[in-house]
Amino acid sequence: MTNKMILLSILASSIATIITRAFPYIVFSKVKIPKDISYLGKVLPPVIMIILLVYSLRKVNITKAPYGLPELLAIISTGLIQKLFKNNLVSIFLGTLIYMILIRFKF
C-alpha cells in the first residue's frame with residue numbers, strides 16, 4: 001500500500017468517526033430526545049460493562065493457582081471504588097491499576 005492510500009484510509013476513517021459521533025448532537029439539538037433513545041442511554045452503559053466483565057473473565061482458570069484471586073480482588077475493589085467515588089473513569093482506571101499490581105507483584 002502506498003503512502004497516499006494509507007493517508008486516504010486514515011482520512012476516510014476519521015471522517016466516518018466524526019460523522020457518527022456528531023450525528024446524535026446534530027439530529028437531537030432541535031428536537032426532544034425520544035423516550036426510547038433516553039432509555040437506551042440509561043441502560044446501555046451498565047450492560048456494556050457487564051459484557052466487558054464477562055468477556056474479560058472468560059479465560060480465568062479457577063482450578064489452578066492463583067484460582068482467579070487477582071481477578072476477584074480487582075472486581076471487588078473496582079466495585080468499592082465505584083461506590084465510593086461514583087465516577088466510572090476513576091473506577092475503571094483504579095481497578096485496572098489494582099489488577100495490574102496484583103498480577104505483577106503478588107501472583
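Predicted model: local features only at pLDDT ≥ 70, side-chain atom pairs only at ≥ 80, totals over all residues.
Helix 2 provides the largest share of the nonpolar patch, nine residues.

User: How many of the residues lining the largest pocket are nonpolar?

Analyst: The pocket holds about 760 Å³ of space. Its lining includes eight polar residues and one charged residue, and the nonpolar count is eleven.

User: Is Ile 33 of the nonpolar surface patch buried, partly exposed or exposed?

Analyst: The patch covers about 980 Å², and Ile 33 is one of its residues. Ile 33 sits in the loop between helix 1 (3–27) and helix 2. Its relative accessible area is 42%, and the class between 20% and 50% applies, so Ile 33 is partly exposed.

User: Which peptide bond is cis?

Analyst: Good one to check, as most peptide bonds are trans. Look at the loop between helix 2 and helix 3, where Pro 66 lies. With omega near 10°, the cis bond runs from Ala 65 to Pro 66.

User: What is the relative accessibility of Lys 86?

Analyst: Lys 86 lies in the loop between helix 3 and helix 4. Lys 86 has a positive phi of about 50° without being a glycine. Lys 86 counts as exposed because its relative accessibility is 65%.

Terms used:
Residues numbered from 1 in each chain as written. Heavy atoms only, no water. 1 Å grid on protein atoms, 1.4 Å probe; cavity = no way out; pocket = protein on both sides within 12 Å on 5 of 7 lines; lining within 4 Å. Points joined across faces, edges and corners; volume = space filled by probe spheres on them. Nonpolar A, V, L, I, M, F, W, Y, C, P; charged D, E, K, R; others polar. Patch = residues over 30% accessible without salt bridge, like charges linked within 9 Å, V, L, I, M, F, W, Y side chains within 5 Å. Areas by Shrake-Rupley, 256 points an atom, 1.4 Å probe, with all protein chains shown as cover. Salt bridge = Lys/Arg side-chain N within 4 Å of Asp/Glu carboxyl O. Helix = DSSP H or I, 4+ residues; strand = E, 2+ residues; numbered from the N terminus. Buried < 20%, exposed > 50% of the residue type's maximum accessible area, 1.4 Å probe, protein only.
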